[in-house]
Amino acid sequence: MDDDESLSAWAERLDRKIGRLRAVPLVAGDGPLGTHLAPDAPRVIQRWNGHEWEPHGFAADLAEARRVLHPDSGAVPSPEPAPKLGPGTGRHRKPQAGR
């Protein structure tokens, strides 16, 4: 909650998140936390109830979990490709031959 945000606006913002789903990989130990890691690992689908994440379902792998999380999209959302670096002499660039 921001200092300038009213209590009612804060509560309304939190209420909009109720019902949100997420997929968590089932791996041993601290394991991978990113959704893209261990794509073949089974996932628990969790639902936000306004106070905590509660079990909602199960998916056999990342592809099935994405179909559960995004049922209305025909294509699975994929990250946009990184922009190509233009010419320059930035700190982490390989030096040009002859310079």
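Q: Is E5 buried or exposed?
A: This is a predicted model, and in it E5 has 17% relative accessibility. The cut-off for buried is under 20% relative accessible area, so E5 counts as buried.

Q: What does E5 form a salt bridge with?
A: The partner is R13. The closest N and O atoms of E5 and R13 are 3.1 Å apart.

Q: And how accessible is R13?
A: R13 comes out at 28% relative accessibility, so R13 counts as partly exposed.

Q: How many salt bridges does the structure hold?
A: Three. Besides E5 with R13, R16 forms one with E12, and E54 forms one with R47.

Q: What are the N–O distances for those other pairs?
A: For R16 and E12 the closest N and O atoms are 3.7 Å apart. For E54 and R47 the value is 3.4 Å.

Q: Are R16 and E12 buried or exposed?
A: R16 is exposed, and E12 is exposed too.

Q: What about E54 and R47, buried or partly exposed?
A: E54 has a relative accessible area of 27%, so E54 is partly exposed. R47 is at 26% and is also partly exposed. E54 is in strand 3 and is the bridge partner of R47 there, and their side chains also form the salt bridge.

Q: Let me back up. What's the overall secondary structure?
A: The chain has two helices and three strands. In sequence order the pattern is α-β-β-β-α.

Q: How do the strands pair?
A: Strand 1, residues 21–25, pairs with strand 2 in the antiparallel sense over five bridges. Strand 2 also pairs with strand 3, residues 53–59, again antiparallel, over six bridges.

Q: Where does strand 2 run, and what sits opposite R43?
A: Strand 2 covers residues 43–48, and R43 is in it. P25 stands opposite R43.

Q: What polar atom does the R43 side chain lie 2.8 Å from, then?
A: The backbone oxygen of A41 lies 2.8 Å from a polar atom of the R43 side chain.

Q: Which residues does R43 touch?
A: Leaving out residues up to four places away in sequence, the list is A23, V24, P25, T35, L37, A38, G57, F58, A59, D61, L62 and A65. D61 is thus in contact with R43, while the two form no salt bridge.

Q: Another strand 2 residue: is Q46 buried or exposed?
A: Q46 lies in strand 2. Its relative accessible area is 16%, so Q46 is buried.

Q: What does the Q46 side chain make a polar contact with?
A: The side chain of R22, at 2.7 Å. Beyond four places in sequence, Q46 touches R20, L21, R22, V24, W53, E54 and H56. E54 in that list is the residue that forms the salt bridge with R47.

Q: Now the hairpin of strand 2 and strand 3. How many residues are between the strands, and which one takes a positive phi?
A: There are four residues between the strands, and G50 takes a positive phi near 105°.

Q: Where does N49 lie, and which backbone nitrogens does its side chain reach?
A: N49 lies in the loop between strand 2 and strand 3. The N49 side chain reaches the backbone nitrogen of H51 at 2.8 Å. A polar atom of the N49 side chain is also 2.9 Å from the backbone nitrogen of E52.

Q: How exposed is N49, and what is it in contact with?
A: N49 has a relative accessible area of 26%, so N49 is partly exposed. Setting aside neighbours within four places in sequence, N49 is in contact with I18 and E54.

Q: How far is N49 from D15?
A: The C-alpha atoms of N49 and D15 are separated by 9.1 Å, and the two are 34 residues apart along the chain.

Q: Last one: what are the whole-chain numbers for burial, surface and contacts?
A: Of the 99 residues, 11% count as buried. The accessible surface is about 8300 Å², with 54% belonging to carbon and sulfur atoms. Among contacts with a separation of 6 or more, 28% are between residues 24 or more positions apart.

Notes
Residues are numbered from 1 along each chain as its sequence is written. This is a predicted model: local features need pLDDT of at least 70, side-chain atom pairs count only at pLDDT 80 or more; totals for chains, interfaces and linings use all residues. Side-chain values use heavy atoms; hydrogens and water are left out. Buried means under 20% relative accessible area, exposed over 50%, partly exposed in between (1.4 Å probe, protein chains only). Lys and Arg count as positive and Asp and Glu as negative; His and the chain ends are not counted. A salt bridge is a side-chain nitrogen of Lys or Arg within 4 Å of a carboxyl oxygen of Asp or Glu. A polar contact is a pair of N or O atoms within 3.5 Å; within protein, one must be able to donate a hydrogen and the other to accept it, and residues adjacent in sequence count only if both atoms are side-chain atoms. Contact means heavy atoms within 4.5 Å. Accessible areas come from the Shrake-Rupley method with a 1.4 Å probe; for residues, only the protein chains shown count as cover. Two strands pair if DSSP finds at least two bridges between them.
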